[in-house]
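The following note is intended for a colleague who is meeting this structure for the first time. Please read the points beside the displayed model.

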Amino acid sequence: MAVWIADAHVLAVVAVGSAVRDVPNPSDADFVIIWDGGRPKSGHPPVEIDLRFYECSRAEALIAGGNDYLQWAVRLGEPVHEKRGFWTQFARSWIRAAPWPDPADADKRAERAERYERDLAAAGDQDAAAEQRISGLTHRARGRLLRAGVFPASRPELPMQLKEIGEPILAEELERALGERLA
């Protein structure tokens, strides 16, 4: 992370996901990196670190278009580094103005993951099928939460959110799938 903080082109590094909040068993660390003038090098981060790079000039258009990852960062992220208050101003300007992600997009992603799950299971790759099952359940959960007016948090937090909106069956399916992955 020190590499990006020292990079003159990096305006903000924002930590997002379950590792930022007090969530049991966070699966990975996610970072949004906003840059201007020259894309920073990502190097070779470990598998459990997810990096998303956004050029400053495009970030506003992306969030205005409903980019769910940037929305997630604005609503639930924690700035690790920012120059001249960039992230604080960006998040403040978008927290109420940004359109929420479309639940129909989450449904489409769920359907795609469910197709992949079936194909992978038929091909005998049970581990990959299990990952696609988690992906499909995650997207189903996000769609239901968005329709209920609840902004989806990180994957480990989704079952609790689902229970709060009266979706215990989907919550239990996702909990079970996540528990099987940990086992």
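1. Order of elements. From the N terminus on, the chain runs α-β-β-β-α-α-β-α-α-α-α-α. This amounts to 8 helices and 4 strands; helices (H or I, at least four residues) and strands (E, at least two) are DSSP runs, numbered from the N terminus.

2. Basis of the note. The model is predicted: local features need pLDDT of at least 70 and side-chain atom pairs count only at pLDDT 80 or more, while totals for chains, interfaces and linings use all residues. Residues are numbered from 1 along each chain as its sequence is written, and side-chain values use heavy atoms, with hydrogens and water left out.

3. Overall dimensions. The C-alpha trace spans about 50 × 35 × 30 Å along its principal axes.

4. Burial and surface. Of the 183 residues, 40% are buried; buried means under 20% relative accessible area, exposed over 50%, and partly exposed in between (1.4 Å probe, protein chains only). The chain exposes about 10000 Å², and 50% of this area is supplied by carbon and sulfur atoms. The areas come from the Shrake-Rupley method with a 1.4 Å probe; for residues, only the protein chains shown count as cover.

5. Contacts along the chain. Among contacts (heavy atoms within 4.5 Å) with a separation of 6 or more, 55% are between residues 24 or more positions apart.

6. Aromatic pairs. How many aromatic pairs does the structure hold? There are 4 aromatic pairs. One of them joins Trp-100 and Phe-151 edge-to-face, at 5.3 Å centre to centre with 85 degrees between the planes. This pair links distant parts of the chain, 51 residues apart: Trp-100 is in the loop between α4 (86-94) and α5 (103-122), and Phe-151 is in the loop between α6 (126-147) and α7 (158-164). Trp-100 is partly exposed at 33% relative accessible area, whereas Phe-151 is buried at 14%. Ring pairs also link Phe-86, Trp-87 and Phe-90 into a cluster. For these pairs, rings of Phe, Tyr and Trp (its six-membered ring) must have centres within 6.5 Å; planes under 30 degrees apart count as stacked, over 60 as edge-to-face and the rest as tilted.

7. A backbone angle to inspect. Arg-84 is a residue other than glycine with a positive phi, near 50 degrees. Most residues other than glycine have a negative phi. Arg-84 is placed in the loop between β4 (78-82) and α4, and its relative accessibility of 69% counts as exposed.

8. Surroundings of Cys-56. Cys-56 lies in helix α2 (residues 56-64). Leaving aside neighbours within four places in sequence, Cys-56 is in contact with Leu-11, Ile-34, Trp-35, Asp-36 and Phe-86. Asp-36 is 20 residues from Cys-56 in sequence, and the two are 5.4 Å apart in space, C-alpha to C-alpha.

9. Beyond neighbours within four places in sequence, Ile-134 is in contact with Arg-155, Leu-174, Ala-177, Leu-178 and Arg-181.
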